[in-house]
Every structure is written in C-alpha cells, then in structure tokens.
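Here's a fold to walk through in questions and answers. Have a look at it before reading on.

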Amino acid sequence: MRKQILIVDDSASLRQVVSITLENAGYDVIDAEDGAKALAMLDGKKVHLVICDVNMPVMDGITFVKKVKQMPNYRFLPIIMLTTESRESRKLEGQAAGAKAWVVKPFQPEQMLAAVSKLILP
Amino acid sequence: MKSALSFKLLSTQSLERGQLFFWMPILLGIIAAATLLSYFEKADPLIAPGFILLIAILTGWLLQRSHSHAIERLKQEQKQINLNDAAFYTRVLPVWSKQVNTSHRDGDQAIAKLTVLFGEIVSKLGTMLKMSKHNSATGKDHEKSFIEAVASSQRDIQSVFKDLKAALETVNDSKDMLLAEVTMYSANMKDMADEARQVAFQSQIIALNAEIEAARAGEAGRAFAAVVSEMRQLAYISGDTSKKMSKKAESIDAAMSRFYGEDREMSAKESLHVSRAESMLNDIVERFNVITHELEDSVKAMEGESRQIRDDISSALVALQFQDRVSQVMVHVADNINALSELIGSGTHNLDADNWLREMESHFSVDEEYTNLRDTESTSAAPSALTFF
C-alpha cells in the first residue's frame, strides 16, 4: 500500500514542488493551503506523515501541529516543518509543539526524501 | 515630500534659535555693563551700565517676541503641510501596497503554473526513461533484448538452413538409392526379357525339329504336328513379347537416366537457391543487426539527454522555491505599507522609527529581512538545513 502524505503550505508553487518530489518517489500526496483546511482533511483520511509550513494565513503551522497532536488518531503522526524560518527560537517552538524535523526552504529533494523515509509511519 | 521634510527641519532649528535670540543680547548687555562698571568705577558708576543693560533686555525681549511670532506662523504652516502629507500618504501608500500585492500574486500564480508544467515534464521524462530502459516482464533492457532477439533470429535462420540442407541431402540420397534400385530392376527386367527371348528362340528350334519329326512320322504324326505348330506359334509370340519387354526395359532405363540427369541438375539448382537464400537472409539479419546497434546508440544518447534535461528541470524546480521567500518578503512589505497608511490616516504625527522597526521585525520570517534591517551586506539564502528533533 502506498503511503499518503499531507502537504500544508500557502504557496501553490511550493506545494507543487513538494508533491512532485514525493510522487516521483512513490508516495501519494494530498495538500491544503492552510492549517484549518488541513485539519479538516485529516478527518476521515489515513495520513502517514505531514509536511507543514510555519507562516500561513488562517491558521499558522505551529498552531496546526499543536491541534494535530490533540487528535487521538494522530497523536503520533510525524510532522516535518518546512519553512523559510531558520531562527533557533522558532525551531524550539516547532519542537515544543510536537514536530519531528525542521527543514529550511529551499530544500533539496534528496534531503526531503531522506527525512520522509526516516520518519514516515510503517 | 522633500520640501515638507526640509520645512520640518527648518522649523525645529528655528525653535532652538528663538531661545538664543532672547538670551544672547541680555548676556552681551551684562558683559558690556560689567566692563563699563570696572572702567568708570569712580564717576557715575551705575548710570551707563544700567542703561546698557536695560537696552539689552529690551532688545532681547523684542527679538524673542518677533521670533515667537515667526515660529507661530511656521507652526500654522507646518500643521497645514502635515495635513497635506497625511492626505498624500493615505492616498499613495495603499496604491504601493496594492502594486506589491498584485506583483506578489501574479508572480506566485505564474511560478505555480511553471512548477506544474516543469513537474509534468519531469514526470513524463521519468516515465519515458523507465519505458525505454526496462522490460517490465523480464527486467531486461529493451535494447539488449532487441539485440538478443536479432542474434537469436540469426541463430534460428542458420539452424533452419542447416536442417534444410541436411534434408535436401537426405532427399537426394533417397532419390539416388531409388534410382539405383529402379535402374537395377530395369536391368533385371531386360535380362529376364533376354532370357525369355532366348527360351522362345530355342522353343521355336525345338518346334521346328518336332515338325520335321512329325512329318517323318506321316499320318501318325499329324496330330502331333498340329500341337507342335501351336507350340511354335506360342514360342514366336513369346519371343515377340520378350522383344517388347526388352524394348520397354530399355525405354525405362533411358527415362530413368534422363530423370537422373534432370534431377541432378534440379538438385544443384536447389542447393544454389538455398545457399543464395541463406546468404541473403544472413545479409538482412546483419544489416538489421547494424541498424539495431545504431538504434541502441541513439536510444542511449537520447536517454542520456533526457536524463540531463530531467535533472536540469529538477534543479530549476528547487530554484523556484525562492519564489516562496520572495513572496513572504513582499507580503510583509505590503502589510507594512498598509499599517503605515492606517497610522498616518489616524492623525498620528509622532512616528517612532525604533518602535516601528521592532514591530516590523516581529513579522519577519526570512533571513534576508533581518539582513536588510540591520543594513549588513546581503548574502544569498543559506543552503537548506535539516534538523531532526
């Protein structure tokens, strides 16, 4: 069974780049443009990993991660933060919220795939 | 806008000068009065200095009053200019903000479309490379299986021709054997016909002798003579039949000889045709082999080019991620312009740059924004970094 990954980013071009990278590697991809829509998508779907931006309209990435971690079905869902932010303080916020990895944009596809294959749920 | 700023600067300097206009004449009057007092200590010690001091105070007061009026006029004018500035900024800044937002939106949409297009190209190239490279059933390379198929066909053709030649040789051998047997039977038949003719001849001699003996016997030998006559007739017929048989055997022998000669000729032609066909097929397969290898080289070259194009486009896709950074900076700039417009529109005139920049920084998300704020040399974006928690 192919693993499904949810991409949350307000940038359409970034969603496309990440989708292409993951689909070429054999993953199924669904995407949302903000945290609120992503939360709605998680409901009733089997997702094995989430890649999430930090700065987004409606609901930012850190809030989204906190809300996901409160969902009983997704408490252990691995989340990778994909952002332009590289400050240590922001990384600590992500870690405290429950993210498993922090990738600074622009990412190299090999690097992203390495992170995904390491963290994705079996 | 430049003139308004210049006016503000002039106004501030004038306020500082107003204090100077008041105190400077008084200070000079005090110094002058003290000097006169020390020189004219013995005669009218207080009249001249007091008069000078009075004049200095009056002069200072007049100057200060005049300056105060000028400042008041300046303040009125400045208030009018500030109102004009506010109207100017509240009209201009939203337009700037819209321009930035439009550019950001259009750029993002164009990059998104470009990304989709590039993504499709990469995907199609990947599919094409997979299709050309792998045989899904055997896992072998297509060009290898193609070359192997040609080589296998060549081997099959050689095998078929080898079998065909062997079969032709067997047929020829069988025909030779058959011809030899038929020739032998024909010779036997001829010998038998010769023997039968010899027997018939001797039977005629015997019949002739018997006829002579029957004639000698007279009346008693008449019946015997009739029998002998019949026997002689039969011997004659037998001899004639033997001659015919002998001739038929000779005809058969001659026909078999002709057939044998023609068959040899046909066999030689068959062998020649088979050899030519073999040679032609080998030539065709060889040419096909050459074409296949050329095709293989072309396919390899195309695969190499396709792989290079796919890798280049993948790199371009990575580069397009910078659009997100640009987009975020533009959003922040537009938000900041909007905030400034609202602040000016609300009538606030005392703008605090430090507070404003601190507030601006709190929304930053890209390294270049911090770099630009601190006015340090801008560097390109740091290479992507991965941190596991």
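Q: At roughly what angle do the axes of H2(A) and H3(A) cross?
A: Keep in mind that this is a predicted model. The axes of H2(A) and H3(A) come within 9 Å of each other. Angles under 35 degrees count as roughly parallel, and these two helices are therefore roughly parallel to each other. The crossing angle itself is roughly 25 degrees.

Q: Which residues of H3(A) make the contact with H2(A)?
A: H2(A) passes H3(A) in a right-handed crossing. From the H2(A) side come A:Gly35, A:Ala38, A:Leu39 and A:Leu42. They meet, on H3(A), A:Gly61, A:Thr63, A:Phe64, A:Lys67 and A:Val68.

Q: Is the crossing of H3(A) and H4(A) left-handed or right-handed?
A: Helix H3 (residues 61-69) of chain A has its axis within 8 Å of that of H4(A), and the two cross at roughly 15 degrees. That makes H3(A) roughly parallel to H4(A). A:Ile62, A:Val65 and A:Lys66 in H3(A) meet A:Glu93, A:Gly94 and A:Ala97 in H4(A). As for its hand, the crossing is left-handed.

Q: Across which strands does H2(A) lie?
A: Helix H2 covers residues 35-42 of chain A. H2(A) runs at about 160 degrees to S1(A), and angles over 145 count as roughly antiparallel. The strands it lies across are S1 and S2 of chain A.

Q: Which strands stand at the edges of the sheet?
A: The open sheet has 6 strands in the order S2(A)-S1(A)-S3(A)-S4(A)-S5(A)-S1(B), with mixed pairing. An edge strand here has a single partner strand, so one side of it is left without a neighbour in the sheet.

Q: Which residue is the bridge partner of A:Val8 in S3(A)?
A: Strand S1 (residues 4-8) of chain A pairs with strand S3 (residues 49-52) of chain A in the parallel sense, over 4 bridges. In S3(A), the partner of A:Val8 is A:Cys52.

Q: Which helix joins S4(A) and S5(A) in a right-handed β-α-β unit?
A: Strand S4 (residues 79-83) of chain A runs parallel to S5(A), with 4 bridges joining them. One of the pairs puts A:Thr83 with A:Val104. The helix in this right-handed unit is H4 (residues 88-97) of chain A.

Q: Which residue of S1(B) does A:Trp102 stand opposite?
A: S5(A) also pairs with a strand from chain B, namely S1 (residues 386-388). These two run antiparallel and are joined by 3 bridges. Opposite A:Trp102 stands B:Thr387.

Q: Are the residues on the two faces of S5(A) buried or exposed?
A: One side of the strand (residues 101-104) carries A:Ala101 and A:Val103. The other carries A:Trp102 and A:Val104. Both faces are covered, and all these residues are buried.

Q: Why does A:Lys105 count as buried?
A: A:Lys105 sits in the loop between S5 and helix H5 (109-119) of chain A. In space its C-alpha is 8.9 Å from that of A:Ser86, though the two are 19 residues apart in sequence. A residue is buried if 20 or more other C-beta atoms lie within 10 Å of its own. A:Lys105 counts as buried because its C-beta neighbours inside 10 Å number 25.

Definitions and conventions
Residues are numbered from 1 along each chain as its sequence is written. Chains are lettered from A and ligands numbered from 1 in the order in which they are written. This is a predicted model: local features need pLDDT of at least 70, side-chain atom pairs count only at pLDDT 80 or more; totals for chains, interfaces and linings use all residues. A residue is buried if 20 or more other C-beta atoms lie within 10 Å of its own, exposed if 12 or fewer, and partly exposed in between; C-beta atoms are placed from the backbone. Two strands pair if DSSP finds at least two bridges between them. A crossover is right-handed if, with the strands pointing away from the viewer, the path from the first strand over the helix to the second runs clockwise. Axes are lines fitted to C-alpha atoms, for helices over the stretch in contact, and angles run from 0 to 180 degrees between N-to-C directions. Angles under 35 degrees count as roughly parallel, over 145 as roughly antiparallel, 65 to 115 as roughly perpendicular and the rest as oblique. A crossing is left-handed if the near helix is turned anticlockwise from the far one by less than a right angle, and right-handed if clockwise. Two residues are in contact if their C-beta atoms, placed from the backbone, lie within 7 Å.
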